[in-house]
Amino acid sequence: MTIDDVKNIAVVGAGNMGHQIAILAAIHGYNVTCTDVVPEILAKAEAFADSYLPGRVAKEKLTQEQAEAARARLTFTDSLEEAVKEADYVIEAVLEVLDLKRKIFADLDRLSPDHAILATNSSAIVSSKIADVTSRPDKVVNLHFFNPALVMKLVEVVQGPHVSDETAQLSMQLCDRLDKVSVHVKKEVEGFLLNRIFAAINKEALWMLEMGVASFEDIDKAQVFGAGHPMGAFRLMDLTGIDLNYTMAIEKFKATGDEADLPAPSVVERYMKGDYGQKTGKGWYDYTED
Ligand SMILES: NC(=O)c1ccc[n+]([C@@H]2O[C@H](COP(=O)([O-])OP(=O)(O)OC[C@H]3O[C@@H](n4cnc5c(N)ncnc54)[C@H](O)[C@@H]3O)[C@@H](O)[C@H]2O)c1
């Protein structure tokens, strides 16, 4: 398969990341089916597409014709089978739970055409932990978008030892077609490339908070006004989801057995209260007033 043969993209999971990846691909000319198991999330994703695309017209980023064509290429369905049966490229964006991803990839392998590439948008789970449930490990790859996927340019293509050069190259070409900037991560390392850097910053930020060195607001301020970062570690955690931060820490602890990898007490406290960040209206900061 060459990049020109890729016409149909399926996105599995219509949450934070999935719905934006689906809209992005539709804008760039692909026929996209987006699926989720929660009807409310599918409806929310569809409603977002219905307001986002006209919004791009109002901002003169798309013509009316382009927006209508993108919307016409975008389908939402609760049937995984329906979503992937004609897919050339599948992007999985479900919860960051290894067992769930393994189950879904086994289903994807059964339900997708033999030529389809099966990519995971996972933030931390390397595709070699998933590929063995499929009959096509050479076509199972990490394609890691950043949040918000419609805005952030970077995509990491992580080529584990089982991934063919063809799959990695085609995935990078797909990023070009989606107007993204891809980087080729040639080894499966914890955190891939950028999140590995962020993890070091996060760990220090949480350590300073827990030790009473500074408030989270001041730690964020230091990053923004001293280092020129667009936002600090805590504001970023609110954007990406405290639930994701918690789950990733638990997964890391399961892998290493090192108690230092457990989520920080202040993260656990917010996770237990359901204060996940922007998506729930409250995390480190309160979003209910604006
Ligand atoms: N949030 C971020 O900042 C971010 C950034 C990059 C990558 N990621 C990765 O993207 C993936 C999704 O993260 P998210 O933040 O969008 O999570 P999310 O919780 O917002 O969305 C996950 C969606 O998966 C759906 N789902 C669960 N089981 C399913 C199934 N069997 N079939 C179809 N859908 C199912 C859920 O209903 C939910 O809507 C994770 O692997 C995460 O690590 C997240």
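The second largest pocket has a lining of 18 residues. Those nearest its centre are Ile27, Tyr52, Arg56, Leu150 and Val151. The model here is a predicted one. The space in this pocket comes to about 390 Å³.

Which helices build the lining? Both α1 (18-27) and α2 (39-58) supply at least two residues each to the lining of the second largest pocket. The largest share belongs to α2, with 5 residues. By class, the lining of the second largest pocket holds 8 nonpolar, 4 polar and 6 charged residues.

Next, the backbone. Between Asn147 and Pro148 the peptide bond is cis. Its omega is near -5°. Pro148 sits in a loop, the one between β6 (140-145) and β7 (154-158).

What is the phi of Asp179? The value is near 60°, which is positive, and the residue is not glycine. Asp179 is also a loop residue, placed between α6 (165-177) and β8 (181-185).

Now for helix packing. Helix α7 covers residues 194-210, and helix α11 covers residues 265-273. At what angle do α7 and α11 pack? The angle is about 90°, and the axes lie 9 Å apart. Angles of 65 to 115 degrees count as roughly perpendicular, so α7 is roughly perpendicular to α11.

The residues that meet can be named on each side. From α7 come Leu206, Leu209 and Glu210. From α11 come Pro265, Ser266 and Val267. Sorted by class, the contact of α7 with α11 has 4 nonpolar residues, 1 polar residue and 1 charged residue.

Finally, step back to the whole protein. How many helices and strands does the protein have? There are 11 helices and 8 strands. The radius of gyration is 19 Å, close to the 19 Å that the globule rule gives for 290 residues, so the protein is as compact as a globular protein of that length. Along the principal axes, the C-alpha atoms fill a box of roughly 55 × 45 × 35 Å.

Note on methods. Residues numbered from 1 in each chain as written. Predicted model: local features only at pLDDT ≥ 70, side-chain atom pairs only at ≥ 80, totals over all residues. Heavy atoms only, no water. Axes fitted to C-alpha atoms, helices over the stretch in contact; angles between N-to-C directions. Helix = DSSP H or I, 4+ residues; strand = E, 2+ residues; numbered from the N terminus. Parallel < 35°, antiparallel > 145°, perpendicular 65-115°, else oblique. Contact = heavy atoms within 4.5 Å. Nonpolar A, V, L, I, M, F, W, Y, C, P; charged D, E, K, R; others polar. 1 Å grid on protein atoms, 1.4 Å probe; cavity = no way out; pocket = protein on both sides within 12 Å on 5 of 7 lines; lining within 4 Å. Points joined across faces, edges and corners; volume = space filled by probe spheres on them. Rg over C-alpha atoms; globule rule 2.2 N^0.38 Å.
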